[in-house]
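Trainee: I would like to go through some of the labels used for this structure. Please set each one against its definition.

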Amino acid sequence: MTRHPEDAALIAAFEASASDLLAYLSRRVGPDDAADLLGETMVVAWRRVRRLPDDPERARMWLFGVARGTLLNHARGERRRWALADRIRSHAGEDLSAAPADAGADVRDAIARLDPELAELVRLVHWDGFSLTDAAELLGIPASTARGRYQRAKGELRAALSMEAPLA
């Protein structure tokens with residue numbers, strides 16, 4: 001494996017600054033997230049290695065700048081997660097009482113027997129309340145594909161549940 005001079009310089013800069021970077025990150029996000037953010041900082045720095053200054057002190061400051069950017073990205077992600085949690089709580093309502101343990105067991109079993117992609121689509125639409133378009137986006141498929149799969153899943157569920165229905 002051929003090493004570039006930038007690689008050696010980045011390794012030296014990391015070795016000289018890693019403990020300080022980890023302390024910097026720990027003071028801002030706590031020890032649990034700091035190690036992950038240090039890893040992200042290293043990945044970003046590696047991608048931008050050609051921008052690494054030659055002077056060791058400037059390289060150290062550059063690494064702290066990369067770490068700061070990583071912190072800002074982390075903070076944005078945290079805000080988005082909290083906003084999503086707030087939206088979910090506001091839509092969920094206050095009464096989240098559970099149904100009896102055996103209620104809907106036949107439907108759950110029929111869904112479980114579907115192809116996993118079809119089952120997840122049905123769960124997203126009926127259990128989680130997503131529209132077909134939103135479910136398609138979550139699954140990373142076109143909306144038209146989701147509509148076709150949903151129709152297929154409904155047909156398979158209808159057939160499975162009609163076979164399980166007691167005969168009168």
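Trainee: Why is Arg58 called exposed?

Mentor: Arg58 has a relative accessible area of 53%. Exposed means over 50%, buried under 20%, and partly exposed in between, with a 1.4 Å probe and protein chains only. Arg58 is therefore exposed. This is a predicted model, where local features need pLDDT of at least 70 and side-chain atom pairs pLDDT 80 or more, while totals for chains, interfaces and linings use all residues. Residues are numbered from 1 along each chain as its sequence is written, and side-chain values use heavy atoms, leaving out hydrogens and water.

Trainee: Where is Arg58 found?

Mentor: In helix α3; helices are DSSP runs of H or I, at least four residues, numbered from the N terminus.

Trainee: What makes Tyr24 and Phe64 an edge-to-face pair?

Mentor: Rings of Phe, Tyr and Trp (its six-membered ring) pair if their centres lie within 6.5 Å; planes under 30 degrees apart are stacked, over 60 edge-to-face, and the rest tilted. By this rule there is 1 aromatic pair. Tyr24 and Phe64 are 5.3 Å apart centre to centre, with 80° between the planes, hence edge-to-face. Tyr24 lies in helix α1 (residues 5-29) and Phe64 in helix α3 (residues 56-92), 40 residues apart.

Trainee: Are Tyr24 and Phe64 buried or exposed?

Mentor: Both Tyr24 and Phe64 are buried.

Trainee: How do you know that Leu138 counts as exposed?

Mentor: Its relative accessibility is 52%, so Leu138 counts as exposed. Leu138 belongs to helix α6 (residues 132-139).

Note on methods: Helix = DSSP H or I, 4+ residues; strand = E, 2+ residues; numbered from the N terminus.
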